[in-house]
Amino acid sequence: MAVLEIKNLGKSFGGLRAVNNFNLTLEGGELSGLIGPNGAGKTTVFNMISGFYQPSEGQILINEVDTAGRKPHKVTALGVARTFQNIRLWNEMSVLDNIRISQHHWLGYGVVDSLWRSKRYQRREKEIEEYAHELLEALGLADFADELPRNLPYGTQRKLEIARALSVRPKLLLLDEPAAGLNSQDVLELIRLVRWIHQKFEVTILMIEHHMDVMMQLCSRIKVIDFGETIAEGTPEEIRNHPAVISAYLGDDNI
Ligand SMILES: Nc1ncnc2c1ncn2[C@@H]1O[C@H](COP(=O)(O)OP(=O)(O)OP(=O)(O)O)[C@@H](O)[C@H]1O
Ligand SMILES: [Mg+2]
């Protein structure tokens, strides 16, 4: 079954056409990529999938449910989690709380329950806390549980963002430039981490990344957009040699 189905998606900002006639279907378990030059519309696609922006036209289905009109936390409830191109951790909270609270924040847990401190609330709190510890352990972040995110090395912050996204047990994980700002050692670790997460969490992944070797190693399919338009799609090998892709990245003069 398709975890994600996008049909004829478009987004305009005033006179600017950021995304036009974008189509994409991801079957459960896929790990696919979205690439394109700066300003191509990649993050805008993520913002529409995750409910941060409403599309100007088109349709997005998550596990066959239309997301039209849903706020981000309602989209999260359908099984979608994301990371941000510019890290958006909660810097005043510990690493552990970033994971713990995200489950409340993104899933809207516990508003009524917490007033009553019900048994159900307490049980859920305990589950949330245990899962947060499990995730930190699994991603090698356990030693940092009590630290503030801003005190962590940059690569560790990127990892924490991924851990936080996983905390809501997504079916579809959107990674927006997870390798941005990482040194080459961290990039290698990220490749291993994404591959491991993909298997271990049985999650469908769509990632945006400018690091071509990351995409070549991880993605089974890649879609390329430029000025909001799809210019190519295929396997990493097909994309690497595609004239329109080379031209979009280097300019026609270099062909
Ligand atoms: N909220 C907004 N209001 C107005 N214009 C926007 C908004 N968000 C994005 N844009 C514009 O839409 C276009 C696509 O932006 P987007 O951030 O999706 O590009 P991108 O492919 O993610 O680029 P990058 O690789 O630099 O992250 C750009 O021209 C951008 O300036
Ligand atoms: Mg972007």
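Which residues does Glu-125 touch, not counting residues up to four places away in sequence? Glu-125 touches Arg-100 and His-104, where contact means heavy atoms within 4.5 Å. This is a predicted model, in which local features need pLDDT of at least 70 and side-chain atom pairs count only at pLDDT 80 or more, while totals for chains, interfaces and linings use all residues. Residues are numbered from 1 along each chain as its sequence is written, chains are lettered from A and ligands numbered from 1 in the order in which they are written, and side-chain values use heavy atoms, with hydrogens and water left out.

Glu-125 is found in helix 5; helices (H or I, at least four residues) and strands (E, at least two) are DSSP runs, numbered from the N terminus. With a relative accessibility of 17%, Glu-125 counts as buried. The classes are buried for under 20% relative accessible area, exposed for over 50% and partly exposed in between, computed with a 1.4 Å probe on protein chains only. Glu-125 also belongs to a network of salt bridges that links it with Asp-97 and Arg-100. A salt bridge is a side-chain nitrogen of Lys or Arg within 4 Å of a carboxyl oxygen of Asp or Glu.

The whole structure holds 10 salt bridges. One of them joins the side chains of Glu-30 and Arg-221, with an N to O distance of 3.0 Å. Glu-30 lies in the loop between strand 2 (16-27) and strand 3 (31-35), and Arg-221 lies in strand 9 (residues 221-226), so this pair ties together parts that are 191 residues apart in sequence. Glu-30 is buried at 15% relative accessible area, whereas Arg-221 is partly exposed at 33%.

Other salt bridges lie within a helix. Lys-126 and Glu-130 meet at 3.3 Å, N to O; they are 4 residues apart in helix 5 (residues 119-138) and are therefore separated by about one helical turn. Lys-126 is exposed, at 53% relative accessibility, and Glu-130 is partly exposed, at 42%. In helix 6 (residues 154-166), Glu-161 and Arg-164 are 3 residues apart, again about one helical turn, and their side chains form a salt bridge at 3.4 Å, N to O. Here Glu-161 is buried, with a relative accessible area of 1%, and Arg-164 is buried at 5%.

What of the nonpolar interior? A nonpolar core is a set of buried Ala, Val, Leu, Ile, Met, Phe, Trp, Tyr and Cys residues joined through side-chain atoms within 4.5 Å. The largest such core has 43 residues, of which Leu-173 and Met-207 touch the most other members. Helix 7 (residues 184-200) supplies the largest share of this core, 6 residues. Leaving aside neighbours within four places in sequence, the contacts of Leu-173 include Ala-81, Ala-165, Ile-197 and Leu-206. A second, separate core of 24 residues includes Leu-9, Leu-34, Ile-49 and Leu-172.

Thr-43 (OG1) and Gln-85 (OE1) coordinate the magnesium ion (ligand 2) at 2.0 to 2.2 Å. Thr-43 lies in helix 1 (residues 42-49) and Gln-85 in the loop between strand 6 (80-82) and helix 3 (95-107), so the pair ties together parts that are 42 residues apart in sequence. Both are partly exposed: Thr-43 has a relative accessible area of 23%, and Gln-85 a relative accessibility of 29%. Donors are N, O and S atoms within 2.8 Å of the metal (3.2 Å for Na, K and Ca), and water is not among the atoms, so sites may look incomplete.
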